[in-house]
Amino acid sequence: DLKSSNIVVKENKEWVGYNTDSMGFFLSLKKKFFEIGKEIKGSNLIILGAGGVAKEVARQAAREQVNKIIILNRTYSKAVEIAHELNKQYGQIAVGGGEDIIEGYVLNQETKPAAIINLTDKGSDGKLENYSAFAGVNENNEKASINLLKKLREINPEVVIADIVLPKSRKSKTLKLCEDIGLKNLLDGIPMVVNQAVPAYMMAQKNYPELRFD
């Protein structure tokens, strides 16, 4: 998918696009999992958002052989579309739904999430700065998010909360609330930005060995 690619290389006389943001994100996520004695393979992930980055992260999650990918988005149809594409390629691995059922999946004990990943714009600088990814964009956002996070802390305190949003304040509303509630395994977007360069560098070296990147 060249639209969401950030590096294009020539392979077998064809131009192939890769999105290394998702690869970089999973490098940082796997490191966080390792730190707390977990593995990505076989885990359940919740992805909040269904934009271009979410699509690539969901694909990468499938490649990492997770057990279940739950994609929740304000526009229900976009989440369902990504889930459908994943299921066609990888088997019944994904479920799509609207953001109105975030609480049900976050607190679900059958598909207990090992990580919840915010890939929406909630918490980014601008009009969404003061909104958490755990609830809709309305006046009840913070209260609803806090109530949800308190329940989450009780039943799943080891869950990893990852948020790629990088506001000027350096900490998104989502991660601030998680920290205030006492959730410990938090991951911001800085490692993804740094790590996405690693696979891009390796692809460039492999395909263009005559170039030097000293």
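Colleague: Which residues are buried in α3?

Modeller: A word first: this is a predicted model. Buried here means under 20% relative accessible area. In α3, the residues that are buried are Ala79, Ile82, Ala83, Leu86 and Asn87.

Colleague: What covers the buried residues of α3?

Modeller: The helix has 15 residues and reaches 21 Å from its first C-alpha to its last, close to the 21 Å expected. Among the elements covering its buried residues are α2, β4 and β5 (94-98).

Colleague: Which residues does Leu86 touch, leaving aside those up to four places away in sequence?

Modeller: Leu86 is one of the buried residues of α3. In the largest nonpolar core, which has 30 residues, Leu86 is also among those that touch the most other members, along with Phe25, Leu29, Ile47, Ile69 and Ile71. Leaving aside residues up to four places away in sequence, Leu86 touches Ala58, Arg59, Ala62, Ile69, Ile71, Gly91, Ile93 and Ala94.

Colleague: Which element gives the most to the largest nonpolar core?

Modeller: Several elements each supply at least two residues of this core, including α1 (20-35), β3 (44-48), α2 (52-63), β4 (68-73) and α3 (76-90). With 5 residues, the element that gives the most is α2.

Colleague: Is the pair formed by the rings of Phe25 and Phe26 stacked or edge-to-face?

Modeller: A search of the whole structure finds 1 aromatic pair. The ring centres of Phe25 and Phe26 are 5.6 Å apart and their planes stand at 90 degrees. Phe25 is buried, at a relative accessible area of 1%, and Phe26 also counts as buried, at 1% relative accessibility. Planes over 60 degrees apart count as edge-to-face, so the pair is edge-to-face.

Colleague: Where does Gln65 lie?

Modeller: Gln65 is a residue other than glycine with a positive phi, near 65 degrees. At 48% relative accessibility, Gln65 counts as partly exposed. Gln65 lies in the loop between α2 and β4.

Methods: Residues numbered from 1 in each chain as written. Predicted model: local features only at pLDDT ≥ 70, side-chain atom pairs only at ≥ 80, totals over all residues. Heavy atoms only, no water. Core = buried A, V, L, I, M, F, W, Y, C linked by side-chain atoms within 4.5 Å. Buried < 20%, exposed > 50% of the residue type's maximum accessible area, 1.4 Å probe, protein only. Helix = DSSP H or I, 4+ residues; strand = E, 2+ residues; numbered from the N terminus. Contact = heavy atoms within 4.5 Å. Expected span 1.5 Å × (residues − 1). Phe/Tyr/Trp six-rings, centres within 6.5 Å; stacked < 30°, edge-to-face > 60°.
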